[in-house]
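Welcome to this short tour! Keep your viewer open, get ready to select residues, and follow along one stop at a time.

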Amino acid sequence: MKKRCGGCLCGAVRYELGSEPFDTGWCHCRTCQLFSGAPAMPFASVPTGGWAWTKGRDKVRRFRSSSFGYREFCSECGTALRVQVDHQPETVDFPVVTLDEPDDVRPEFHIFFSSKVAWFDPGDDLPRHAKFRPKTRGLDGTEPPDESSLAGGAVGGLSEA
C-alpha cells in the first residue's frame, strides 16, 4: 500500500492512513455542504484503526452534526477532517482533498444527489443516488436514519475529539 498522509490548511493537524481508502464518492447532503463550504464534499472511508493522528490531535474538535453522526475539524484553521456515523462505527470518512496527494483517490459515485445545489453540475457520468447507495453498510435501505443530515444544523455541542 502506498503511504497516504494529509492534514489541515494551517499544518497544525496531520494524519496518516494505515489502510487503503474505499467507498470514495461525492456527498451532496446539506450537512456536507456546510461542513466543506462547497456544493458537495468528496469523501472516502478507511477502517477506524486505519487512521492515525500524527500531529496536533489536541487541536481537533468534534461535534454532533446530525442525530447519527459526528464531524471533526482543526480548531486553528477550521479544515474539515473526519466524519463518523453511528451506523458505521467500524469506519471513518474523510474529505479526500485533505490528502497530500488527492489525485490518487477518485470518487466513484454521488450520494444525496437529491440535495444537489441547483447551479452545480458535476460534469461526470458517475452513478447518482438520491440518498444513500443501496446496500450501504449499517442501513436497511437508502434512507438516512432521519432527516437531520439534510437540515444542515448541528444538533449537539462542540467538544474536544
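Begin by selecting E101. This residue is partly exposed, with a relative accessible area of 47%. Please keep in mind that you are looking at a predicted model.

**Stop 1: from E101 to K2**

K2 and E101 form a salt bridge, and their closest N and O atoms are 2.6 Å apart.

**Stop 2**

Leave K2 on screen and select D104. Their side chains also meet in a salt bridge, with 2.3 Å from N to O. D104 is in the loop between β9 and β10, and 102 residues separate D104 from K2 in the segment before β1. Is D104 buried, partly exposed or exposed? With a relative accessible area of 39%, D104 is partly exposed.

**Stop 3: R4 and E20**

Next, select R4 and E20. Here is another salt bridge between side chains, at 2.7 Å from N to O. R4 lies in strand β1 and E20 in the loop between β2 (14-17) and β3 (22-27), so the bridge ties together parts that are 16 residues apart in sequence. R4 is buried at 9% relative accessible area, whereas E20 is partly exposed at 38%.

**Stop 4: the network**

Show K2, R4, E20, E101 and D104 together: they are linked in a network of salt bridges. How many salt bridges does the structure hold? The count is 10.

**Stop 5: T79**

For the last stop, select T79, in the loop between β7 (69-74) and β8 (80-85). Why does T79 count as buried? Its relative accessibility is 16%, and buried means under 20%. Now look for L9: its backbone nitrogen lies 3.0 Å from a polar atom of the T79 side chain. Which residues does T79 touch, leaving aside those up to four places away in sequence? They are G7, C8, L9, E72, F73, C74 and T98. Select them along with T79 to see this set of contacts.

Terms used. Residues numbered from 1 in each chain as written. Predicted model: local features only at pLDDT ≥ 70, side-chain atom pairs only at ≥ 80, totals over all residues. Heavy atoms only, no water. Salt bridge = Lys/Arg side-chain N within 4 Å of Asp/Glu carboxyl O. Buried < 20%, exposed > 50% of the residue type's maximum accessible area, 1.4 Å probe, protein only. Helix = DSSP H or I, 4+ residues; strand = E, 2+ residues; numbered from the N terminus. Polar contact = N/O pair within 3.5 Å; in protein donor to acceptor, adjacent residues only side chain to side chain. Contact = heavy atoms within 4.5 Å.
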